[in-house]
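Let's take a walk through this structure together. Have a look at the fold before reading on.

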Amino acid sequence: MNTTVVVILALAAGTYAFRLVGPVLHGRVTVPPRMQELASAGAVVLLVALLATGALTEGGGFAGWARPAGVLVAGLLAWRRAPFVVVVVGAAATTALLRVAGVA
């Protein structure tokens, strides 16, 4: 068997095991409220880090000012509860207009 196939099967088994643990242990293990708060905060921190690296970097360097401005507009529109299409079009339009204006 190919090494790649073995790795994929191992990852699939691990993923299935993680998914199975939740229903099996539900009710048997109680998680303290403080741990639940920390897990929620950790998830938010990871999402913000992913957003920052995706918005600010390209090819190992700074992506320019147009992309972060588009992400900022999208964040503001989402915060104001604009429809998803408006958020996407607003971010794309902001980025495109800034690039057309010469802002990298």
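UniProt positions are given here in the numbering used for this text, with feature names shortened, and such annotations may be inferred rather than shown by experiment. The unreviewed UniProt entry puts "transmembrane region" on residues 41–63 and 84–102. What you're looking at is a predicted model, where local features need pLDDT of at least 70 and side-chain atom pairs count only at pLDDT 80 or more, while totals for chains, interfaces and linings use all residues. Residues are numbered from 1 along each chain as its sequence is written, and side-chain values use heavy atoms, with hydrogens and water left out.

Helices (H or I, at least four residues) and strands (E, at least two) are DSSP runs, numbered from the N terminus. Residues 41–63 are 70% helix and 17% strand, with end C-alpha atoms 27 Å apart. Residues 84–102 come out at 89% helix and 0% strand, and their end C-alpha atoms are 27 Å apart.

Now for helix 2 (residues 33–56) and helix 3: their axes come within 8 Å and cross at roughly 140°. Axes here are lines fitted to C-alpha atoms, for helices over the stretch in contact, and angles run from 0 to 180 degrees between N-to-C directions.

Last stop: Arg81, in the loop between helix 3 (66–79) and helix 4 (84–100). Arg81 isn't a glycine, yet has a positive phi of about 65°.
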